[in-house]
Structures are given as C-alpha cells and as structure tokens.
Amino acid sequence: MFSIFRYFLQQPNFNEFDIIKNKPGLDKGLLVYGGYGVGKSTLFDAIHNIGRIILKQTRSTQLWFPQISTVHLLTRYYESQQNKNSNFKLEDYYRGKLYLDDVGKEDKAYNREEIIGKLLYERHRRRLKTFVTTNENPSAISARYGHHIGDRLPEMFNIIKWEGTSWRE
C-alpha cells in the first residue's frame, strides 16, 4: 500500500519495498491484481476520493483520475449502440489518466469484440497513464485480450500482485 501511495506522490523511491513485478517507473500506470475481496478496488476508490477533494481545494490533478468499472463501461457502450442520442463515446476514454476496475470481468461486446482490449491498446499507443485492478494475472489478461496487449503490459504498467485474504469472508 505504501508503494502505491508513494507512486501517486511521484516519489522516486516508490518501489522501496520491491513489490513491482517488472521494471518500475513513475511514467507508467499501475496494474494491481490479486484475489477477490482483498481491497484493491477499495484502495483505488479511496485515492480517487482524496484526489477529488484535493482537486476541488487546490486544483492539483496529481491524485485525481476518472474511474469506471469495465462492466459499467460495456453497459454504457451497449446503450450507446441502441440509443443514437447517447453521449457515450469510447474515444472519450482515449485521453488523460483513467482507472479501470475489474478488468476481465466484463463480457465480450456482442460476444465477439473485446472493447477493453481495444481501449488498452489505444491508451498504450497514446502513452496514457492507466490504472487497473483485476482478479486476473498478467498471463490471463494476455490470453483474454491477445498477446499484442500482453506484450505491452510491462511497458504500460507497474505490475503489482496484491495478496491477502478476502475481507468479505
């Protein structure tokens, strides 16, 4: 947890505890994976909420980022396909920082298209900071979205395995 806070505060020693599974870098996003209920999403929700308060008070965007669950993003995508008056555009997620919760939990769009894979590819291409929480390990993400995504994960993210027991039990 300290490493993640240090990362958001842009401290060069953010990986002091050596939890990053690949070459660490402050210019990359975060991919935090681990079991169900261990607090990954809760931590990012807390950082997001603190960031919102800091943004309102100081206009600093260092700790603020938009967030969406992949399931909700796919739901909004479906709605936009059925309602031409919808204001949802996948391209809106191709800019700025972004937190994607529960990557891998969403279905394929129309059982054929990996919208989240497309989003990750485009965000990598644009060198945008992306924060991901998931129950899937990097190999499973690669298998799901394709090796062209899996190959980019170490370049795009500081990869952290979040261990612990479920708080829900």
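This is a predicted model: local features need pLDDT of at least 70, side-chain atom pairs count only at pLDDT 80 or more; totals for chains, interfaces and linings use all residues.

Colleague: Where does Tyr77 lie, and which residues is Tyr77 in contact with, leaving aside its neighbours within four places in sequence?

Modeller: Tyr77 belongs to helix α3, which covers residues 70-82. Beyond its neighbours within four places in sequence, its contacts are Phe88, Ala109, Tyr110, Glu113 and Ile115. A separate reading concerns Lys89: this residue is 12 positions from Tyr77 in sequence, and the two C-alpha atoms are 7.6 Å apart in space.

Colleague: Which residue forms a salt bridge with Arg144, and how far apart are the closest N and O atoms?

Modeller: The partner of Arg144 is Glu114, and their closest N and O atoms are 2.7 Å apart. As for accessibility, Arg144 is partly exposed at 25%, and Glu114 is buried at 15%.

Colleague: Which residue forms a salt bridge with Arg125, and how many residues apart are the two in helix α4?

Modeller: Arg125 pairs with Glu122, the closest N and O atoms being 2.6 Å apart. The two are 3 residues apart in helix α4, which means that about one helical turn separates them. Glu122 is buried, its relative accessible area being 12%. Elsewhere, salt bridges that share partners join Glu106, Glu114 and Arg144 into one network.

Colleague: What is the distance between the closest N and O atoms in the salt bridge of Asp92 with Arg95?

Modeller: For Asp92 and Arg95 the distance is 3.6 Å. Asp92 is partly exposed, with 32% relative accessibility, while Arg95 is exposed at 55%.

Colleague: Let us turn to the backbone. Which residue has a positive phi of about 70° although it is not a glycine?

Modeller: That residue is Arg59. Its place is in the loop between α2 (40-58) and β2 (67-69), and at 73% relative accessibility it counts as exposed. Another case is Arg127, a residue other than glycine whose phi is positive and near 55°. Arg127 is in the loop between α4 and β4 (130-134) and is exposed, with a relative accessible area of 70%.

Colleague: Where is Glu163 found, and is Glu163 buried or exposed?

Modeller: Glu163 is in the segment after β5 (157-162). With a relative accessible area of 60%, Glu163 is exposed. Its C-alpha atom is separated by 27 Å from that of Tyr121, a residue 42 positions away along the chain.

Colleague: How many helices and strands are there in the chain, and in what order do the elements run?

Modeller: The chain has 7 helices and 5 strands. Starting at the N terminus, the order is α-β-α-β-α-β-α-β-α-α-α-β.

Colleague: What do the radius of gyration and the spans along the principal axes show for the chain?

Modeller: A compact globule of 169 residues would have a radius of gyration near 15 Å, and the 16 Å of this chain agrees with that expectation. The C-alpha trace spans about 45 × 40 × 40 Å along its principal axes. Buried residues make up 45% of the 169 residues. Among contacts with a separation of 6 or more, 74% are between residues 24 or more positions apart.

Key
Residues are numbered from 1 along each chain as its sequence is written. Side-chain values use heavy atoms; hydrogens and water are left out. A salt bridge is a side-chain nitrogen of Lys or Arg within 4 Å of a carboxyl oxygen of Asp or Glu. Buried means under 20% relative accessible area, exposed over 50%, partly exposed in between (1.4 Å probe, protein chains only). Helices (H or I, at least four residues) and strands (E, at least two) are DSSP runs, numbered from the N terminus. The radius of gyration is taken over C-alpha atoms; the globule rule is 2.2 Å times the number of residues to the power 0.38. Contact means heavy atoms within 4.5 Å.
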